[in-house]
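Hello,

Here is the structure I promised to pass on. Please have a look first; my notes follow below.

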Amino acid sequence: MIPRRRFVLLSACCAVSPAAATPAEVAALIQALTGDVPPKDGLIHLDLPVMVENGNSVAMTVSVADPPSPVEAIHVFAEGNPLPRVAVFRFGPRSGAPRVTTRMRLATSQTVIAIARLRDGSCWRDSVDLLVTLAACID
Amino acid sequence: MVRVLVNVPKQIAANEPFDVKLLISHPMESGQRRDQMGQAIPRDIINHFICTLDGETVLEADFFPAIAANPFLSFSVVAEKSGTLAMTFTDDHGVTQTELVAITVT
């Protein structure tokens with residue numbers, strides 16, 4: 001049996017910090033995406049601030065400069081969020097450039113990863129390590 | 001019905017990429033939060049977005065709870081001639097809303 005005091009403390013801790021995803025979980029998601037060939041660094045650029053004051057709304061831009069073949073999709077993952085997937089963007093024939101800006105939530109200081117998949121099958125990766133002062137997802 | 005703001009340039013040149021900005025007024029409830037009674041607040045987000053120009057896809061996106069409230073999107077479009085941009089999004093209740101914006105190519 002857990003002493004009442006410890007139980008109260010434990011449940012309080014659980015209430016404020018939802019279980020975060022792990023880097024291994026994200027690595028598994030990326031592997032499911034890219035197959036056995038690990039994604040190469042470069043080509044794709046993930047633009048995020050290194051110091052985040054408010055994790056509730058963080059401006060993010062992902063872009064692929066001069067891709068050798070059309071970009072099929074860009075996937076964004078956040079390793080420290082309760083749910084690691086952030087968004088998937090697929091580009092169609094009327095897309096002017098493989099670039100998207102949006103705003104995301106960050107639960108804690110962590111690494112955000114972007115993976116671009118090109119039509120020729122190659123995958124490219126970029127990541128940003130950032131510090132979050134005020135976390136999202138809690139309240 | 002949710003409020004949507006769309007911004008497209010007034011002057012668009014043929015085959016010249018231009019940016020579309022979109023702001024959807026939506027709480028994007030993540031499903032991770034609890035109310036004062038400790039009950040989980042159910043997830044309610046926009047999970048799918050697609051923008052087409054006269055039926056041809058520009059951008060298709062899947063959103064997860066990590067997208068901030070009142071989602072903002074900015075992306076690039078290329079047009080050959082004047083047409084209509086259709087921006088369709090779906091929320092967790094399966095409700096779909098489409099915003100139509102006419103663009104004029106000069």
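From the N terminus on, chain A runs α-α-β-β-β-β-β-β-β-β-β. That makes two helices and nine strands. Helices (H or I, at least four residues) and strands (E, at least two) are DSSP runs, numbered from the N terminus.

Some ground rules. This is a predicted model, where local features need pLDDT of at least 70, side-chain atom pairs count only at pLDDT 80 or more, and totals for chains, interfaces and linings use all residues. Residues are numbered from 1 along each chain as its sequence is written, while chains are lettered from A and ligands numbered from 1 in the order in which they are written.

Confidence
The score is pLDDT, the predictor's confidence in each residue, from 0 to 100. Chain A has a mean of 87, and 85% of its residues reach 70 or more. Within chain A, helix α1 (residues 4-16) is lowest, at a mean of 49, and β6(A) is highest, at 97. The pLDDT is below 50 over residues 8-16 of chain A, and beyond near neighbours in sequence this stretch has two contacts in the model. Two residues are in contact if their C-beta atoms, placed from the backbone, lie within 7 Å. Where pLDDT is low, the predicted coordinates should not be read in detail.

The fold of chain A
Chain A has 139 residues, and 39% of them count as buried. Buried means 20 or more other C-beta atoms within 10 Å of the residue's own; exposed means 12 or fewer; partly exposed is in between; C-beta atoms are placed from the backbone. Among contacts in chain A with a separation of 6 or more, 73% join residues 24 or more positions apart.

Where the chains meet
The contact takes 30 residues from chain A and 28 residues from chain B. On the chain A side, β6 (85-91) and β7 (95-104) each give two or more residues. The largest share, nine residues, comes from β7(A). β7(A) also pairs with strand β5 (residues 72-77) of chain B, in the antiparallel sense, over four bridges. Strands pair if DSSP finds at least two bridges between them. A:Thr101 has B:Ser74 in β5(B) as its bridge partner.

Two loop residues
A:Asp66 lies in the loop between β4 (58-64) and β5 (71-78) of chain A. Its phi is near 45°, a positive value in a residue other than glycine. A:Asp66 counts as exposed because it has 6 C-beta neighbours inside 10 Å. B:Asn15 sits in the loop between β1 (4-7) and β2 (18-24) of chain B. Phi of B:Asn15 is positive too, near 60°. B:Asn15 is exposed, with 10 other C-beta atoms within 10 Å.

Best wishes
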